[in-house]
Structures are given as structure tokens and as C-alpha cells.
Amino acid sequence: MFLPGDHPGFDLARQAAEVLADRFGVTRHDIGVVLGSGWAHTIDALGEINGEMSFDDIPGLAGDSVAGHVQKVTSVRLPNGHNVLVFGSRTHYYANRDAQAVAHVVRTIAATGAATVVLTNGCGGLDAQVAPGTPVLISDHINLTGTTPLVGPEFVDMTDAYASRLRVVAKEVDPSLTEGVYVQFSGPQYETPAEVQMAAKLGGDLVGMSTALDTIAARHVGLEVLGVSLVTNAGAGVTEAPLSHEDVIAAGESAAPRVSRLLADIIRAI
Ligand code: 8IG
């Protein structure tokens with residue numbers, strides 16, 4: 001139905017979408033949202049909740065167990081009637097080195113009927129002037145993971161992978177938003193200062209561990225992508241500060257009310 005074609009993982013995504021449609025009584029979702037570190041409160045500001053489900057009850061969604069990651073899917077009805085499927089977290093490549101497992105969330109979103117996916121993340125910033133707690137629109141990415149969720153001769157066009165149309169919509173909602181190139185490392189260790197320097201020399205602005213692989217999977221199934229990063233820390237060596245996961249979560253928490261409200265406004269405007 002909504003996810004035509006044959007590829008490893010598509011059958012499992014269609015099964016997951018069927019379970020979600022049955023449980024929420026929503027035959028078609030219009031927009032999918034994946035919440036990364038720091039974005040969890042977006043749901044509160046979106047609209048009326050149709051229902052929620054634990055990852056444990058959804059085919060293929062084992063999830064991972066990182067502090068700050070929420071293991072549930074929520075269906076929300078916006079004031080404009082759009083149904084939005086919100087994943088409280090994603091499966092990360094670092095969890096089990098499985099790019100197929102990573103792609104399952106966006107494939108499931110496509111299988112629910114959505115045309116658009118909003119991918120959010122927490123990331124490191126390469127510009128010391130960008131304060132922790134600043135949201136940045138992703139304009140493009142560099143995939144340094146050495147992997148891809150695609151198998152076989154799938155020659156997907158990655159031009160305008162982060163739809164310029166959706167970035168315009170986001171900037172209409174908040175003209176102060178800036179854009180940046182997201183560089184994905186495979187993690188889970190943070191970068192060395194030398195790796196952060198390399199990412200900057202390659203043309204990167206942000207370093208993270210998730211969104212490039214998600215976007216490849218999303219473009220493969222024809223989803224229009226909006227990527228929004230929350231800079232929760234300066235990349236290693238950009239400032240004197242050492243990196244700690246606890247500090248990263250704290251920065252996300254303190255920015256949460258403001259960035260969640262912003263994201264909700266953007267999603268309502270899509
Ligand atoms: I939150 O500094 C968060 N995620 N690779 N580097 C990478 N991922 C991150 C970082 C960071 N901060």
C-alpha cells in the first residue's frame with residue numbers, strides 16, 4: 001500500500017505500520033517525526049493525542065537504552081487535521097552496527113502513508129559562537145559512517161536531500177534559524193579534537209551520530225526530509241570543555257521548552 005516495492009526491511013516496516021494504524025485507529029499518517037536528544041517535549045505542544053505505544057509492541061523496534069531516549073511512539077492530531085506519528089527516539093547505528101535496524105523507523109513512517117519526515121537530533125557544534133541550546137536547520141550532510149541502509153543497485157539522488165522547500169517553511173516560522181552541514185560519525189565515542197577539525201575542514205558545521213543514515217533511508221522511500229539539529233555541546237576541542245553525556249542531556253533539557261515549541265510550530269506549518 002503506502003510503501004511500494006521490495007527491499008530488505010520493507011515487509012517488516014509494512015507490518016509495523018499496520019500495527020500502528022490498528023492501534024491508533026488512524027489509517028494514514030501525514031507526517032513522521034523522530035525526536036533526538038533534547039527534543040522529547042515537542043509532543044506536548046503539538047495537538048490532540050490519538051494514542052501512544054511502547055516500542056516493545058511494534059514489530060522491528062527493539063529500540064536502544066540510552067539515557068534521555070524515549071521508547072514510545074505517539075500519534076497526534078494537529079489543529080489542521082494532519083495526523084503526525086512521533087517516535088520518541090531512534091535506533092542508532094552504534095547500538096548494534098545494523099543500518100537496516102536504523103532505517104526501520106523511517107521506513108515505518110513511509111509505510112503509514114506519510115510524505116514528510118522531520119528528523120531531529122542532538123549534536124556537537126563546530127562553531128564556538130553557536131551556544132549550546134541553539135537549533136540549526138540541516139542543509140546537507142556528509143556521511144562518514146562508511147555504511148548505508150541501502151542494499152543493491154539503489155542509486156538514490158541525494159541532491160536537495162534536506163528539502164529546501166521545508167527549510168523555507170521553517171524559516172518563515174523563525175527567521176533567526178540558521179543552516180548547517182551535518183557530519184555523521186558512527187560513534188558511540190565522541191570525536192577527537194582532530195576529527196572535529198577534519199569535519200570542519202570538510203565543510204561541516206555539526207557533528208552527530210544519527211541523521212545521515214536516517215535521511216538516506218528516507219530519500220530511498222521518497223520521503224521529503226526536514227532535518228533539525230539541537231547543538232547541545234561544542235564539538236571536542238572547539239572549547240576547553242570536556243564532553244559528558246550528562247552535560248549534553250542537561251543542555252538539551254534547558255533548551256527543551258523553547259525548541260520544542262518552535263518545532264511544534266514548524267510541524268503545524270508544513
Ligand atoms: I548530543 O559532540 C551529541 N551528539 N558525534 N559528537 C557526536 N555526536 C554528538 C555530539 C558530539 N553531541
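Student: How many residues apart are Arg14 and Asp11 in helix 1?

Tutor: Three, about one turn of helix 1 (residues 10-24); helices are DSSP runs of H or I with at least four residues, strands runs of E with at least two, both numbered from the N terminus. An α-helix has 3.6 residues a turn, so residues three or four places apart point the same way. This is a predicted model: local features need pLDDT of at least 70, side-chain atom pairs need 80 or more, and totals for chains, interfaces and linings use all residues. Residues are numbered from 1 along each chain as its sequence is written, and side-chain values use heavy atoms, leaving out hydrogens and water.

Student: What joins the side chains of Arg14 and Asp11?

Tutor: A salt bridge, 2.9 Å from N to O; the term means a side-chain nitrogen of Lys or Arg within 4 Å of a carboxyl oxygen of Asp or Glu. The count by this rule is seven.

Student: Which residues form a network of salt bridges?

Tutor: Asp160, Arg167, Lys171 and Glu179. Glu179 pairs with Arg167 at 2.9 Å between the closest N and O atoms. That pair links distant parts of the chain, Glu179 being in strand 7 (residues 178-184) and Arg167 in helix 4, twelve residues apart. Glu179 also bridges to Lys171, at 2.7 Å.

Student: Is Arg167 buried or exposed?

Tutor: Buried means under 20% relative accessible area, exposed over 50%, partly exposed in between (1.4 Å probe, protein chains only). Arg167 has 11%, so Arg167 is buried. Glu179, at 32%, is partly exposed, and Lys171, at 31%, counts as partly exposed too.
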